[in-house]
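Dear colleague,

I am passing on a structure that I have been looking through, and I would be glad if you could read the notes below beside it. They cover a surface patch, a charged side chain and a group of aromatic rings.

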Amino acid sequence: LFFAEESNISSSIANDMPQVSLFGEGLERMFRDAILAVGNYGDIYEENVESIIPRARRNLLNPNSKPGPQLYALPGVLA
């Protein structure tokens, strides 16, 4: 979901997701199918959470940070 958002891949172009055989040949389309069904992380956030917690600052993907993106849990979600 995060890779798809970083690569600007949404459900309308889910077939642009690379096939991954991480879990065996039978599940190569697993990530493509997930994006096709629900969209990327940004799409899911916008549809379900954006009206409650606007996506800004720490809730954004941060592709310019080193060594890579920093992802933070939503406030109040930690157990």
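By a patch I mean residues with over 30% relative accessible area and no salt bridge, in which like charges are joined within 9 Å and nonpolar side chains (Val, Leu, Ile, Met, Phe, Trp, Tyr) within 5 Å. A salt bridge is a side-chain nitrogen of Lys or Arg within 4 Å of a carboxyl oxygen of Asp or Glu, and accessible areas come from the Shrake-Rupley method with a 1.4 Å probe, where for residues only the protein chains shown count as cover.

Please bear in mind that this is a predicted model, in which local features need pLDDT of at least 70 and side-chain atom pairs count only at pLDDT 80 or more, while totals for chains, interfaces and linings use all residues. Residues are numbered from 1 along each chain as its sequence is written, and side-chain values use heavy atoms, with hydrogens and water left out.

A nonpolar surface patch of about 410 Å² is formed by L22, F23, L27 and F31. Of these, L22 sits in the loop between α1 (2–6) and α2 (30–38), helices being DSSP runs of H or I with at least four residues, numbered from the N terminus. L22 has 63% relative accessibility and so counts as exposed (exposed is over 50%, buried under 20%, and partly exposed in between).

R32, which belongs to helix α2, is buried yet has no salt bridge, and the nearest side chain of opposite charge, D16, is 7.3 Å away (Lys and Arg count as positive, Asp and Glu as negative, with His and the chain ends not counted). Neighbours within four places in sequence aside, R32 is in contact (heavy atoms within 4.5 Å) with A14, N15, M17, P18 and Q19.

There are two aromatic pairs in the structure, meaning rings of Phe, Tyr and Trp (its six-membered ring) with centres within 6.5 Å, called stacked with planes under 30 degrees apart, edge-to-face over 60 and tilted for the rest. F2 and Y41 make a tilted pair, at 4.6 Å centre to centre and 40° between the planes. Because F2 lies in helix α1 and Y41 in helix α3 (residues 41–48), this pair ties together parts that are 39 residues apart in sequence. The rings of Y41 and Y45 are also tilted, with centres 6.1 Å apart and planes at 40°. Y45 is buried, at 3% relative accessibility, and ring pairs link F2, Y41 and Y45 into a cluster.

Conventions:
Helix = DSSP H or I, 4+ residues; strand = E, 2+ residues; numbered from the N terminus. Buried < 20%, exposed > 50% of the residue type's maximum accessible area, 1.4 Å probe, protein only.
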